[in-house]
Amino acid sequence: MIDAATLTRCRHRVYLDTAYRSLIADVPEDTGVQMRREAAAVHRLVVKDVLMAADPVGWVIVPSELSHTERVRRTTRALEDGARYVWNATFADDAEAGRRGRCDLLIADPAGGYIPVLVVNHKVTDPGSGAVTSPFGRWEPGVDVARKVRPQLRDQLGAVHVHRLLASLGQDGRSAVGGAIGFGGDVILVHDLLAVGPTYDARFADRLAIARGEAVTAPVKVSECRSCPWWSECGEMLRRTRDVSLVAAGSRADALYAAGIRTIDELAAWTSDAPPEEWPHGDFAEAVVVAQAWVAQAPLVRRTETVAVQRADVEVDVDMESYQEHGAYMWGTLLDRRDGSAPRYRAFTTWEPVPTMDEARSFAEFWTWLMGVRAEAHASERTFAAYCYSRAAEDKWLIGSARRFAGMDGVPTEAQVREFIDGPEWVDMYIAVSENFVCPEGKGLKKVAPVAGFTWRDDEAGGEASMAWYRAAVGYDDAAGADLASDPVASDSAVSDPATTDLSQRERLLEYNEDDVRATHALRVWMAGEDVLRLPTAADLARAYR
């Protein structure tokens with residue numbers, strides 16, 4: 001039986017999950033996967049309440065705590081009775097087709113049958129125009145002049161999957177559309193299911209054949225491997241065979257396989273200037289260098305003989321910590337005046353659970369301090385620069401905080417924030433690394449900084465782990481605070497349970513944040529020194545294959 005999630009899952013994982021499920025019965029779920037699942041469940045509850053408030057008549061709620069059989073029975077009865085809305089619809093397995101599933105929401109189609117609507121914890125639209133949306137409270141699809149579609153194939157495939165389950169009951173919507181409500185959404189994005197039908201059919205047939213043992217699969221490295229319970233086995237097999245997907249994952253590996261390149265050694269020895277046909281993206285020459293570095297066991301490769309990184313007389317490293325999309329609770333900084341004194345760490349925090357109006361205070365204090373250091377440097381005719389690593393998150397919360405808390409004491413205007421981050425004094429060390437190095441193991445800070453000799457004090461340090469630490473640090477009660485998730489300025493604070501607050505986790509978060517800013521500082525100092533020149537250049541590696 002195939003559910004909607006299987007349609008976008010790694011093909012080899014589908015095989016392993018089907019044939020050897022018992023072998024991972026006791027393997028704990030990946031922390032990141034668990035947290036995303038819990039966050040999605042909270043988001044669904046928020047959306048359900050908003051939808052019911054918009055149009056409270058004609059709902060059938062299928063309680064999730066019931067048995068599968070009872071949920072199927074109640075769903076079937078609701079459809080037969082012509083309910084306007086069915087929440088948590090559950091379907092009997094379609095043994096003949098090999099299909100199983102459920103749906104967050106079914107809406108009665110004015111043309112007959114039901115429209116599947118998925119409630120997902122990711123964005124489904126972006127600012128723009130051209131998306132087809134329907135408001136909450138009534139089904140009135142129309143072209144949206146304020147939103148464009150953010151492509152999410154998994155949502156479209158999932159909607160078709162439910163449409164087919166409904167068809168087996170004679171309840172498929174005659175208009176052949178589906179919907180998705182994403183994070184922060186206040187409308188239903190409408191998908192044309194006929195347009196994606198052929199893709200669904202091909203994907204479903206492939207995954208069903210795998211599940212039935214009718215198709216052969218092999219391990220290949222894809223993004224899903226990071227959280228897959230089978231990765232230890234697959235990874236070992238790939239390393240043993242020196243599979244090329246270890247250095248060129250996903251669609252790039254597919255293109256290399258098609259060209260007859262199956263091992264890292266074969267890619268490293270590639271001599272033609274032209275890439276294989278259908279090379280999907282990126283610089284193919286760099287892919288060759290990555291393979292050569294893997295063979296040579298070089299952790300980083302210099303692109304050129306020299307390494308350049310922007311320095312200043314006064315430097316500030318910045319790292320922001322946020323909890324999902326609810327808010328930024330910490331702005332960590334490391335000030336290096338480069339006058340012989342030790343760099344000094346300082347964090348600007350709120351320990352009220354986000355979303356909270358107290359974010360405005362901590363953000364304003366951070367901004368005022370940062371601009372004060374900058375003004376002081378300028379007044380003494382010294383250069384200034386602030387550094388982050390992969391600026392997208394910091395930029396998002398800098399701009400977002402300026403918008404959310406506009407007009408409050410100490411909060412800069414959006415124009416002031418943009419003037420700073422668009423200027424030469426806001427430096428992204430990720431870009432500096434990308435410009436100077438080829439990175440065989442990836443460009444993440446935790447991959448690159450250790451090459452510069454830096455180590456984190458906490459072996460579990462990482463973005464997803466910090467989410468769990470934060471929940472404990474503030475006694476965060478997602479269920480109680482769920483109604484605030486869609487409007488972070490609607491109330492002073494989310495809900496905290498003081499009895500469950502773990503102050504030791506606050507110290508852990510501060511230590512983790514401090515290590516992050518010290519890592520960017522250590523990386524920059526190393527890049528400006530002589531030790532970095534011990535790394536091989538791309539030309540050095542290429543000479544071994546001439």
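This is a predicted model: local features need pLDDT of at least 70, side-chain atom pairs count only at pLDDT 80 or more; totals for chains, interfaces and linings use all residues.
Tutor: Residues count from 1 along each chain as its sequence is written. Local features need pLDDT of at least 70, side-chain atom pairs count only at pLDDT 80 or more, and totals for chains, interfaces and linings use all residues, while side-chain values use heavy atoms, leaving out hydrogens and water.

Student: In what order do the 8 strands of the open sheet run?

Tutor: Strands are DSSP E runs of at least two residues, helices are H or I runs of at least four, both numbered from the N terminus. Two strands pair if DSSP finds at least two bridges between them. Pairing in this open sheet is mixed, and the order is 1-2-3-4-9-10-6-7.

Student: Which residue of strand 10 does Val-177 stand opposite?

Tutor: Strand 9 (residues 177–181) and strand 10 (residues 187–192) pair in the antiparallel sense over 4 bridges. Opposite Val-177 stands Asp-192.

Student: How is helix 4 oriented relative to helix 5?

Tutor: Axes are lines fitted to C-alpha atoms, for helices over the stretch in contact (heavy atoms within 4.5 Å), and angles run from 0 to 180 degrees between N-to-C directions. Helix 4 (residues 153–168) and helix 5 (residues 193–211) pack at about 85°, axes 9 Å apart. Angles under 35 degrees count as roughly parallel, over 145 as roughly antiparallel, 65 to 115 as roughly perpendicular, and the rest as oblique. So helix 4 is, relative to helix 5, roughly perpendicular.
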